[in-house]
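Student: Hi! Could we go through this structure together?
Tutor: Happy to, let's have a look.

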Amino acid sequence: MKKLKSSLLNMVLVLTLITIIAGAALAAVNDVTSVQIEKINAENLAKGIKQVMGVDANSNFEYTEDEVEGFTFYKSELGTAVKTTSNGFGGPLEVLVGFDNEGTIMGYTILSHSETPGLGAKAQEWFQKGQKGDIVGKNPGQCNFTVSKDGGDVDAITASTITSRAFLLAVQNAYDKVYNNQDGTTSATQKGGQQ
């Protein structure tokens with residue numbers, strides 16, 4: 001086989017060909033894996049909803065799903081789980097929080113974040129029941145739901161005040177949307193869900 005002459009045109013053609021082949025390979029891998037990734041994400045969300053609502057992972061739990069203005073609501077007879085996002089130190093912080101019918105926090109989970117490992121990433125445990133920043137059992141409408149550094153009732157994660165503020169803001173916004181804006185949460189299209 002004859003060696004190609006090293007010229008700008010030949011280099012551009014070879015790089016273009018390599019880019020097309022690599023792009024096609026990535027598209028094929030994405031097509032193969034996207035269905036499985038969607039399935040795993042849906043399973044994780046269903047587990048998260050059960051967790052934040054205090055329901056046994058193996059039980060049959062029915063809820064309806066609403067989407068309104070960037071919030072997703074999962075309503076059941078026990079209360080409402082809300083998926084919401086706030087901007088933390090490293091980027092978006094996606095939180096799923098469960099409220100009983102009176103607005104008291106039943107539980108929460110962090111669905112995704114870009115926070116600093118070892119600091120902001122502690123939000124998954126820091127605010128759980130029995131931990132230093134425990135919010136479970138609190139009602140954001142009946143307490144000062146901000147970090148103690150800002151005069152609030154919740155201890156911030158050590159060296160991670162921005163993440164703590166973002167997390168508490170996400171939970172407060174979810175509470176406000178459910179309990180202070182009832183008409184907005186019922187105007188969306190209902191989708192049945194059962195897990």
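Student: How do the residues lining the largest pocket divide into nonpolar, polar and charged?
Tutor: There are 4 nonpolar, 6 polar and 4 charged residues in that lining. Nonpolar covers Ala, Val, Leu, Ile, Met, Phe, Trp, Tyr, Cys and Pro, charged covers Asp, Glu, Lys and Arg, and the others, Gly among them, are polar. Keep in mind that this is a predicted model, where local features need pLDDT of at least 70, side-chain atom pairs count only at 80 or more, and totals for chains, interfaces and linings use all residues. Numbering runs from 1 along each chain as its sequence is written, and side-chain values use heavy atoms, with hydrogens and water left out.

Student: Which element gives the most to the lining of the largest pocket?
Tutor: Helix 1, with 8 residues. Helix 1 (8–52) and strand 5 (105–112) each supply at least two.

Student: And which residues lie nearest the pocket's centre?
Tutor: Asn-41, Ala-42, Asn-44, Leu-45 and Leu-111, out of 14 lining residues.

Student: New topic: how many aromatic pairs does a search of the whole structure find?
Tutor: It finds 8. One of them is Phe-99 with Tyr-179: the ring centres are 5.8 Å apart and the planes are at 80 degrees, so the pair is edge-to-face. Rings pair if their centres lie within 6.5 Å; planes under 30 degrees apart are stacked, over 60 edge-to-face and the rest tilted.

Student: Where in the chain do those two sit?
Tutor: Phe-99 is in strand 4 (residues 92–100) and Tyr-179 in helix 3 (residues 161–179), 80 residues apart.

Student: Is Phe-99 buried or exposed?
Tutor: Buried, because its relative accessible area is 0%, and buried means under 20% with a 1.4 Å probe, protein chains only.

Terms used:
On a 1 Å grid over the protein atoms alone, a cavity is a set of points where a 1.4 Å probe fits but cannot get out, and a pocket is an open set with protein on both sides within 12 Å along at least five of seven lines; lining residues have an atom within 4 Å of a point. Helices (H or I, at least four residues) and strands (E, at least two) are DSSP runs, numbered from the N terminus. Rings of Phe, Tyr and Trp (its six-membered ring) pair if their centres lie within 6.5 Å; planes under 30 degrees apart count as stacked, over 60 as edge-to-face and the rest as tilted. Buried means under 20% relative accessible area, exposed over 50%, partly exposed in between (1.4 Å probe, protein chains only).
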